[in-house]
Amino acid sequence: MTFLFATSIENSYPRVAGGVRLDQMDRTGHYAWWERDLSLIHSLGVSAVRYGPAYYRTHVAPHDVCWEGCDEPMLRLRELGIDVIADLCHFGLPNWLELGFQDEAFPVLFAEYARAFARQYPWVRYFTPIAQIFTCASNSALLGHWNERLASNATFVRALGHLCMAHELAVEAILSERPDAIIVQSESLTHYHPAGQDAQRSADRWNALKQLALDLTLGHDLAPGMAGYLHQHGMSAIDLRFFQETRAPGQRMLGLVYPSGNERRVASTGRITGARDGFGFAALATAYHRRYGLPVFHLGTSRAGSQGPAWLREQWDQLLLLRSAGVPVHGFAWHPLIDPATDGMHESAPMLETGLFDQGRRERATAGAYRRLIAQWGTLMQSEPESERRSNASA
């Protein structure tokens with residue numbers, strides 16, 4: 001499979017306190033500057049971009065979609081020869097789904113939307129139907145930060161179930177239009193570390209919870225105690241049986257997002273107390289590959305300001321380490337292209353200087369470093385490493 005160098009247009013749009021919509025493409029000026037942004041993407045030499053229309057703007061009614069504002073950028077990316085990893089739902093829903101991710105109508109309606117997208121843009125092969133399901137469900141319905149801003153096990157399980165069901169119905173819908181579609185299953189590569197010996201149980205629980213989205217959508221055995229947890233808080237046996245089925249075999253990869261500070265400390269009370277340095281991308285991605293048996297895409301990493309180039313090199317070295325160990329690795333991305341307008345949690349949060357370009361579209365040092373990395377490694381990464389050839393031959 002082709003190795004993809006990529007970047008992304010930050011296209012999340014959760015609602016925060018007061019129902020305020022944090023549409024990153026609006027706040028970074030992408031709607032007005034999309035032609036410039038696509039030109040910047042092309043200038044990097046990347047082969048792919050994680051991108052998609054804001055779902056709440058295009059799915060305008062239960063059975064009505066509007067591609068105005070999306071057609072031109074999508075066609076331009078096709079002309080530029082840049083593959084789109086279509087990001088269809090990223091942390092938010094249309095206002096007409098009044099119950100948000102608690103709404104049981106969401107999965108079926110979203111699958112209709114995914115089918116319509118695949119039909120509208122038949123040249124798109126790579127899809128992320130729903131971005132970072134665990135992150136979305138936990139922030140919307142367990143931690144109370146986004147969207148419905150709920151905070152209970154029952155609301156979390158309901159949101160998680162609806163998101164996973166929507167994802168899998170969307171996979172089926174996409175494959176009905178594009179049978180050779182590749183599903184780049186996006187999840188945050190998070191690990192929870194105990195903040196002291198008495199916090200190990202709490203950390204283990206968070207690590208089991210964070211695996212639920214991939215376990216359900218990939219039909220993997222659940223961590224000990226998680227089936228009982230899901231059943232206790234409202235997930236039916238029928239739904240669990242649905243998730244045990246295998247879909248799109250051989251057509252999925254793990255799109256693992258690993259920004260700095262993605263490893264967390266957990267107190268004995270279960271409260272997340274902050275970030276810490278831990279295992280690193282290669283070790284965590286190896287564990288995910290062993291658990292799910294899927295190829296890996298390093299789908300997004302970043303670090304602010306002048307630290308960016310060194311972090312880029314560190315993450316690239318981690319990817320090469322992973323690949324040399326025989327793990328199939330099919331892509332690498334710096335996220336995002338443009339500095340995000342906020343931290344994604346609060347309307348008034350300061351801008352994060354993590355983009356390859358600032359909001360004035362001025363190049364950061366990381367962009368130059370990434371351009372040089374692609375020029376150096378682009379051809380080399382299309383060859384299969386010896387360790388991977390041996391693994392494939394033995395299989």
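## T354 and its surroundings

T354 touches S302, R303, A304, W334, H335, P336, D339 and P340, leaving aside residues up to four places away in sequence. The model is predicted. T354 sits in the loop between strand 13 (329-334) and helix 13 (365-377). Is T354 buried or exposed? T354 counts as buried because its relative accessibility is 11%, and the cut-off for buried is under 20%.

## Strand 13 and its partners

W334 in strand 13 stands opposite T7. Strand 13 pairs with strand 1 (residues 4-8) in the parallel sense, over 4 bridges.

Strand 12 (residues 296-301) is another parallel partner of strand 13, again over 4 bridges. Here V296 stands opposite V329. From strand 12 the chain crosses through helix 12 (residues 308-324) to strand 13. This β-α-β crossover is right-handed. Strand 13 is mostly covered, with 6 of its 6 residues buried.

## The second largest pocket

How much space lies in the second largest pocket? About 240 Å³. The lining has 15 residues. Nearest the centre of the pocket lie Y31, R57, E68, G69 and C70.

Two elements give two or more residues to this lining: helix 2 (30-44) and helix 3 (55-58). Helix 2 provides the largest share, 3 residues. By class, the lining of the second largest pocket holds 9 nonpolar, 4 polar and 2 charged residues.

Definitions and conventions. Residues are numbered from 1 along each chain as its sequence is written. This is a predicted model: local features need pLDDT of at least 70, side-chain atom pairs count only at pLDDT 80 or more; totals for chains, interfaces and linings use all residues. Side-chain values use heavy atoms; hydrogens and water are left out. On a 1 Å grid over the protein atoms alone, a cavity is a set of points where a 1.4 Å probe fits but cannot get out, and a pocket is an open set with protein on both sides within 12 Å along at least five of seven lines; lining residues have an atom within 4 Å of a point. Grid points are joined across faces, edges and corners, and a volume is the space filled by probe spheres set on the points. Ala, Val, Leu, Ile, Met, Phe, Trp, Tyr, Cys and Pro count as nonpolar, Asp, Glu, Lys and Arg as charged, and the others, Gly among them, as polar. Buried means under 20% relative accessible area, exposed over 50%, partly exposed in between (1.4 Å probe, protein chains only). Contact means heavy atoms within 4.5 Å. Two strands pair if DSSP finds at least two bridges between them. A crossover is right-handed if, with the strands pointing away from the viewer, the path from the first strand over the helix to the second runs clockwise.
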